[in-house]
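Work through the exercises below with the model open. Each task is followed by a stepwise solution.

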Amino acid sequence: MLRQNRMRLGVAAVAAIVFIGLGVLVISASKGRASASEKVEAATQNDWTRSARYASRADKQTGKSGGTGTAKNVKLALDWLVRHQADDGSWSGENYSVSCRKPDDPCANQDGWHASTGPSLPGFDVGVTGLAVLAMAGRGNTHIEAEKKEYRESVDRAITWLLKQQSESTDDAKRGVIGHSEREEWIYNHAIATMALGELLLGSGDVDRLAAPFLAAVEYCLRGQTKGYGWKYTYQSIMSDSSVTMWMANAVLVAKACSEAGLIKLDAEKIETSLSSAEKWILAVTAKSSGVVGYQAPGDEGSRMQGVYGKEFPFDKGKMLPHTAAALEFAITRGKRGVEPLLKWEGLLVKTPPEWKPARGSELSSISFYYWYYAAHAMFQIGDKPWKKFNKSLKTALRKSQRTRGCEKGSWDPIGEWGIAGGRVYSTAMGALTLECYYRHAKEEQPKPKDD
Ligand SMILES: [Zn+2]
């Protein structure tokens with residue numbers, strides 16, 4: 001019973017950890033079969049401007065968009081990740097502490113919170129490795145070019161490991177999958193790893209190394225989607241859930257960008273069908289009155305790991321709105337603005353700014369990297385006063401809680417909502433990704449008002 005409960009709860013938890021991509025890509029004939037010199041040129045450019053959505057990574061407009069003062073925090077987080085990467089190129093959510101300066105006295109939470117050092121549940125190394133790569137890519141770093149040699153080499157080793165985790169099965173339900181495991185929530189591994197490979201392909205143009213595996217991974221995503229809706233843990237599941245669906249949809253968005261940039265060849269209609277189906281799912285689980293986007297039903301609270309945390313990390317369920325936040329950014333990306341239910345979604349996020357408040361006594365924890373990650377990206381798109389206010393809370397919450405000394409320097413303690421699922425690697429990668437919201441996705445243009 002306990003195990004079942006853990007599994008069920010773990011799913012959403014892990015969702016927090018994973019993103020995915022999808023796609024039906026075919027290596028672009030024009031790029032994939034280019035001359036040798038063209039290939040070399042393509043593989044030595046670090047050019048995020050191949051896609052307008054990701055172009056701002058190239059110049060990291062922190063000053064323009066409110067991110068001033070957070071670059072240092074992101075770099076410290078990336079440095080922590082590099083120091084805790086395994087020799088084989090992976091990050092282990094569960095066993096990362098073997099890379100600690102003193103493995104017998106590893107990174108630990110402040111104030112004695114939770115006796116553990118912050119390891120995750122087993123089975124999600126592919127997912128947390130994907131998140132670490134995404135955190136690198138979010139600041140424009142790839143295996144071709146990076147801010148530091150250490151980052152470039154780190155991403156390079158991570159790619160080698162991730163590609164080894166991809167299935168070579170010819171079975172439709174397995175082909176192209178990255179990180180399948182016995183856990184039913186393994187799908188998060190695939191989603192996040194797919195997204196990571198796609199972003200690196202986009203940023204580096206390295207078609208030779210990344211296009212074919214990314215294409216295979218995306219093809220799985222597209223094949224495995226529930227017709228007309230979203231995704232869940234199994235191939236063409238009867239049910240969908242909002243957590244997996246949003247990670248997958250974001251992977252499809254990366255695939256769309258790669259396709260439009262000519263790095264892969266995907267059927268544009270298939271991409272649009274996939275994204276519009278995901279949108280349909282999100283609207284189906286939006287509560288009419290409150291606007292809350294549920295996990296599997298309108299406005300539901302979603303899957304929870306509270307049982308696993310016991311009494312140590314009781315959190316405030318009212319402050320966890322990851323699906324609502326993810327839905328808002330996704331809808332804006334789809335060209336929507338200023339209409340319901342987006343206005344309700346925005347209102348909910350405005351009322352729920354990030355606050356680093358661990359549980360104490362009868363007070364519940366408000367910490368959720370999963371929610372903050374999506375909410376920061378969504379509110380950045382909203383802009384203006386609501387964003388400025390939200391951003392102030394965001395910077396305060398993350399800057400004051402980042403660890404500043406010892407082996408922990410640059411990391412965040414995994415004491416939030418899904419920390420027990422993803423551990424310190426998860427919380428640190430998500431903290432960095434959240435603070436990259438100022439340049440990770442360019443601001444979408446506001447749709448022009450209609451003349452009528
Ligand atoms: Zn350490």
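**Exercise 1.** What percentage of the 452 residues in the protein chain is buried?

*Solution.* Start with the conventions. This is a predicted model, in which local features need pLDDT of at least 70 and side-chain atom pairs count only at pLDDT 80 or more, while totals for chains, interfaces and linings use all residues. Residues are numbered from 1 along each chain as its sequence is written. Next, apply the burial test: 20 or more other C-beta atoms within 10 Å of a residue's own, with C-beta atoms placed from the backbone. Buried residues make up 56% of the 452 residues.

**Exercise 2.** Which residues touch the most other members of the largest nonpolar core?

*Solution.* Define the core as a set of buried Ala, Val, Leu, Ile, Met, Phe, Trp, Tyr and Cys residues joined through C-beta atoms within 7 Å. The largest has 117 residues. A132, A135, A196 and A429 touch the most other members. Now take A135. Contact requires C-beta atoms, placed from the backbone, within 7 Å. Leaving aside neighbours within four places in sequence, A135 contacts A77, L78, L81, A429, A432 and L433.

**Exercise 3.** At what angle do the axes of α15 and α17 cross?

*Solution.* Locate the helices: DSSP runs of H or I, at least four residues, numbered from the N terminus. Helix α15 spans residues 369-382 and helix α17 residues 419-435. The axes come within 9 Å and cross at roughly 20°. Angles under 35 degrees count as roughly parallel, so α15 and α17 are roughly parallel to each other. From α15, F369, W372, Y373 and A376 meet S427, M430, G431, L433 and T434 of α17. Sort these by class: Ala, Val, Leu, Ile, Met, Phe, Trp, Tyr, Cys and Pro are nonpolar, Asp, Glu, Lys and Arg charged, and the others, Gly among them, polar. The contact has six nonpolar, three polar and no charged residues.

**Exercise 4.** How far apart are the axes of α8 and α10?

*Solution.* Take helix α8 (residues 187-204) and helix α10 (residues 242-260). Their axes are 9 Å apart, at an angle of about 20°. The two helices are therefore roughly parallel to each other. Read off the contact: its residues include Y188, M195 and L202 in α8 and W247, M248 and V254 in α10. By class, the contact of α8 with α10 has 15 nonpolar, three polar and one charged residues.

Terms used. Buried ≥ 20, exposed ≤ 12 C-beta atoms within 10 Å, placed from the backbone. Axes fitted to C-alpha atoms, helices over the stretch in contact; angles between N-to-C directions. Parallel < 35°, antiparallel > 145°, perpendicular 65-115°, else oblique. Contact = placed C-beta atoms within 7 Å.
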